Amino acid sequence: MNHYEIVIIGSGPGGYVAAIRCAQLGKKVAIIERYTTLGGTCLNVGCIPSKALLDSSHHYDHLKNHSQEHGINVDKEFIKLDLKQMMNRKNDVIDKTIGGINYLMKKNKIDVYCGHGSLINSSSIEIKSSKKGETISFDKAIIATGSKPNTLPFITIDKERIITSTEALALKEVPKHLIIIGGGVIGLELGQVYHRLGSQVSVIEYEDRIIASMDIDMSKELARVFKKEGIKFYVSHRVTGVEREKDIVTVQAQNQKGETISFQGDYCLISVGRKPYTENLGLEKAGIQVNDFGQIQVDSNLQTTCPNIYAIGDVIQGAMLAHKAEEEGILVAEYLAGQKPHIDYNLIPNVIYSWPEVASVGKTEDQVKQSNQEYKVGKFPMRALGRARASGDIDGLVKVIADKQSDQVLGVHIIGARASDIIAEAVVAMEYQASAEDIARISHAHPTFTEAVKEAALSASDNRPIHL
């Protein structure tokens, strides 16, 4: 039986990053992955392929619908969509990234086991694959098995017409009418992909607005932009049934008045969140407790109820974000090496990779209100920026929330071009407990999108934006 100082179950962003950091700290490490490729959901059927399709569909849409305003005259009749090639490119991106992770495992001398890992007890794991079974032992273990798409109890996902995000990333045709149940991150990103490619898209959302977990101004602006593009939203609608007959999917939903509304399309994407993958891991054999949501219970050091086993990422409480899992993987690795790492969960940014992008860090305005904290808000529209007008990306705004007395930044919310990159400025500022005035005093290059952060900070600090 091979023995390791640290064994990681799951090779997603949390797992493989934890493995690398443990190896850097001189530990003998193994990683177990139930599938034949490393990278977990994020790399194989999540973050990476969805961004590849978002970028490809953005190029197609921009060439077809926006090239003439730039003086590029293209006959639309000659612009043809090659969905197979678009998917091939997506797969190539995945393959190259997987190759990169394989290289990092070899470079850091991390042993990789392919098969389903299940705890036998608190110090050994059985690994079952299609070819064989074997057992390895460990001093410490990290559970990083991630999550899988959730569904509703009355919906049968056939993976053909009633699909999850996994199938939506590999369709062989563009839907005529894609019905999306759930107005969150995954549904909106994939909805925009297929709308750009020619689908009619209808989004049915139980809450009274899309992206309900983000700041309300972000929700309103993104809904406005998407409606302008032609995507239809049905908020405050409760889905009651989903049925398929041949190539037609029928969705029944009730509106606020209790009236039943019927939707028909050729595909229905179920996008109602994700649930932790904690089944069939042998957790009970090691005395590891889970809560009612299937999440593994951990303490502030991410230690489970079994003292030598830790858990990170989507299997524990908190936002299901790849970069959160990465930070947690590093925290556990360094804690096991005797260091004193920390994570400020308030400073984990959240991003939607639609166009315009949406990104946020810190507290929303509703959260600040609920805390009874006195605050002030500064906003600045992207359309007032020279850089935004030059590129034609005028939708969106930056919103800075600051404490009324100390001026310390409490939250930054951005919708606009490159918001996913711009948000890093806000994360750094808040890490060092910057005030809105601090951000306002920093010189921002002109013309750039980041000038909107400076202007919003000026507005929040002393209501003195220059270009508004």
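This is a predicted model: local features need pLDDT of at least 70, side-chain atom pairs count only at pLDDT 80 or more; totals for chains, interfaces and linings use all residues.
Residues are numbered from 1 along each chain as its sequence is written, and side-chain values use heavy atoms, without hydrogens or water. Local features need pLDDT of at least 70 and side-chain atom pairs count only at pLDDT 80 or more, whereas totals for chains, interfaces and linings use all residues.

Helices α1 (residues 13–24) and α8 (residues 322–336) have axes that come within 8 Å and cross at roughly 30°. Helices are DSSP runs of H or I with at least four residues, numbered from the N terminus; axes are lines fitted to C-alpha atoms over the stretch in contact, with angles from 0 to 180 degrees between N-to-C directions. The two helices, α1 and α8, are therefore roughly parallel to each other (angles under 35 degrees). In α1, Pro13, Gly14, Val17, Ala18, Arg21 and Cys22 meet Ala322, Ala325, Glu326, Gly329, Ile330, Ala333 and Glu334 of α8 (heavy atoms within 4.5 Å). These contact residues comprise 8 nonpolar, 2 polar and 3 charged; Ala, Val, Leu, Ile, Met, Phe, Trp, Tyr, Cys and Pro count as nonpolar, Asp, Glu, Lys and Arg as charged, and the others, Gly among them, as polar.

The second largest pocket holds about 450 Å³ of space. A pocket is an open set of points on a 1 Å grid over the protein atoms alone, where a 1.4 Å probe fits, with protein on both sides within 12 Å along at least five of seven lines; lining residues have an atom within 4 Å of a point. The volume is the space filled by probe spheres set on the points, which are joined across faces, edges and corners. Of its 22 lining residues, His66, Glu229, Trp355, Asp393 and Asp395 are the closest to the centre. The lining of this pocket has 5 nonpolar, 10 polar and 7 charged residues. Helix α3 gives the most to this lining, with 4 residues.

How values were computed
Angles under 35 degrees count as roughly parallel, over 145 as roughly antiparallel, 65 to 115 as roughly perpendicular and the rest as oblique.
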